[in-house]
Amino acid sequence: MASPQGRSLTPQGGRPMVNFASNDYLGLATHPTLKCAASDAADRWGTGSGASRLVCGTLLPHVTLESRLAEFKQAEAALTFSSGYACAVGTLGALAGKDDILILDKLCHASLVDGARLCGATLRVFPHNHLDKLESHLKWAQSKIQANGRIIVAVESIYSMDGDTAPLEAIVTLKEQYKALLLVDEAHSIGICGPGGRGLAAALGVASSIDFQMGTLSKALGGSGGYLCASRKWIDLLINRARSFIYSTAPSPISAAVATAAIDLVDSEEGDTLRSQLQSNITRLRALTGNSELTGPSAIVPLIVGESDAALSLSDALAKRGILAPAIRYPTVPKGSARIRFTTTTAHTDEDFVLLQDALTCR
Ligand SMILES: *Cc1c(COP(=O)(O)O)cnc(C)c1O
């Protein structure tokens, strides 16, 4: 793209297209306050961190960000990574090994799947949001696990390709009943819902029962990086064991400073205004894609097409009408469920929705 992230995007050498594909839900990627934070940080701290966190790359902006994050998420401690992907892979790798059992929702993001595969733990997958199957895996795990083994359940709060939500209260009840640990990836809910934008777990009042609250700084927060919030004891373990944290250069001090400013912004009155603007755009997008039955706070609204070719040709037809909405296909989603994954942001206008509505009616 030859234009910054925003309401419309201009492909190199092409015409501007209305952007219905971005995860920059609140428009923070180009927000003046965050741009200022970035240039101030560049002046004060330069551009690079120079080394990994454990050598000499931990600069004050990293420490400030982690304490702001912990306070924001009402957790004891927080740790940040260069991406959400690195966070998932590093966290699961540090927590689980061959004596442990990991139980994942079938629709968990690739970063959790890769982390689960790499760590060598025994892996069980339950059909999406299927609580009975989750419970039977937990029962099985409890009968197999050795004295020092861990049982870890990993789910998302808002699923990235379907936009639906996990039944977090019921999952918390199960994890407590079977003495398992719970990781919840809030990549698509941090910033957009919950008190102060703290995410879905906080909205449902279950955040304090979640052992590992994971997420990314790169979607609604408009920057880059991944985070994990947990007890001090768990964060200390990760600092010493998470390989993607230890063996990677510390994120740029600029991205750390931008993320701190982004949290301040989502946790303010302006954040509340942006969230209510986003929610009205979500209602509008759901209505015009025939998804009015969708509930929950998600800005992701899929239009399931079926075969990959059909999804590609719909995406092409939309592109001809000036709408950017790529087709999502296998292996990102199961075979036969290729789709257009529409997302909306605070930036979309009346005109944009009319354009999309016309394009979808005429197809
Ligand atoms: C995007 C995403 C990630 C990865 O975060 P990055 O910061 O983009 O690496 C992890 N989990 C989920 C559910 C995501 O949607």
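Arginine 68 and aspartate 267 form a salt bridge, their closest N and O atoms being 3.1 Å apart; a salt bridge here is a side-chain nitrogen of Lys or Arg within 4 Å of a carboxyl oxygen of Asp or Glu. The pair links distant parts of the chain, 199 residues apart: arginine 68 lies in helix H3, and aspartate 267 in the loop between helix H11 (253-266) and H12. Helices (H or I, at least four residues) and strands (E, at least two) are DSSP runs, numbered from the N terminus.

The model is a predicted one, in which local features need pLDDT of at least 70 and side-chain atom pairs count only at pLDDT 80 or more, while totals for chains, interfaces and linings use all residues. Residues are numbered from 1 along each chain as its sequence is written, and side-chain values use heavy atoms, with hydrogens and water left out.

## Salt bridges

The whole structure holds 12 salt bridges. Arginine 68 also forms a salt bridge with glutamate 71. These two residues are three apart in helix H3 (residues 60-72), which means that about one helical turn separates them. Arginine 68, glutamate 71 and aspartate 267 belong to a network of salt bridges that also includes Asp264.

Arginine 68 is buried at 15% relative accessibility. Glutamate 71 is exposed, at 55%, and aspartate 267 is partly exposed, at 37%.

Another salt bridge joins lysine 175 and aspartate 211.

| Nitrogen side | Oxygen side | N to O distance |
|---|---|---|
| Arginine 68 | Glutamate 71 | 2.9 Å |
| Arginine 68 | Aspartate 267 | 3.1 Å |
| Lysine 175 | Aspartate 211 | 2.9 Å |
| Arginine 339 | Aspartate 162 | 3.2 Å |

## Domains and their interface

The domain assignment gives domain 1 (8-25 + 269-362) and domain 2 (32-267); such bounds come from an automatic or database assignment. The C-alpha centres of domain 1 and domain 2 are 26 Å apart. In domain 1, 19 residues are in contact with 20 residues of domain 2, contact meaning heavy atoms within 4.5 Å.

About 1,600 Å² is buried between domain 1 and domain 2, and carbon and sulfur atoms give 62% of this area. Buried area is the accessible area (1.4 Å probe) that two parts lose on being put together, summed over both. Tyr25, Arg275 and Pro297 supply 32% of what domain 1 buries against domain 2, more than any other three residues.

One salt bridge is counted between domain 1 and domain 2. Nine residue pairs, both members at pLDDT 80 or more, are in polar contact across the interface. A polar contact is a pair of N or O atoms within 3.5 Å; within protein, one must be able to donate a hydrogen and the other to accept it, and residues adjacent in sequence count only if both atoms are side-chain atoms.

On the side of domain 1 that touches domain 2, helix H12 (269-288), strand E10 (300-306) and strand E13 (338-343) each supply at least two residues. The largest share, six residues, comes from H12. The residues on that side divide into nine nonpolar, five polar and five charged, where Ala, Val, Leu, Ile, Met, Phe, Trp, Tyr, Cys and Pro count as nonpolar, Asp, Glu, Lys and Arg as charged, and the others, Gly among them, as polar.

## Backbone and loop residues

Tyrosine 330 and proline 331 are joined by a cis peptide bond, with omega about 10 degrees. Proline 331 lies in the loop between strand E12 (327-328) and E13.

Asparagine 129, a residue other than glycine, has a positive phi near 60 degrees. Its loop runs between strand E5 (122-126) and helix H6 (131-144), and asparagine 129 is partly exposed at 23% relative accessibility. Lysine 179 likewise has a positive phi, about 50 degrees. Lysine 179 is placed in the loop between helix H7 (168-177) and strand E7 (181-185) and is exposed at 68% relative accessibility.

Serine 82 occupies the loop between strand E3 (77-81) and helix H4 (84-95). Not counting residues up to four places away in sequence, serine 82 touches Gly225, Gly226, Ser248 and Pro251. At 35% relative accessibility, serine 82 is partly exposed.

Methods. Buried < 20%, exposed > 50% of the residue type's maximum accessible area, 1.4 Å probe, protein only.
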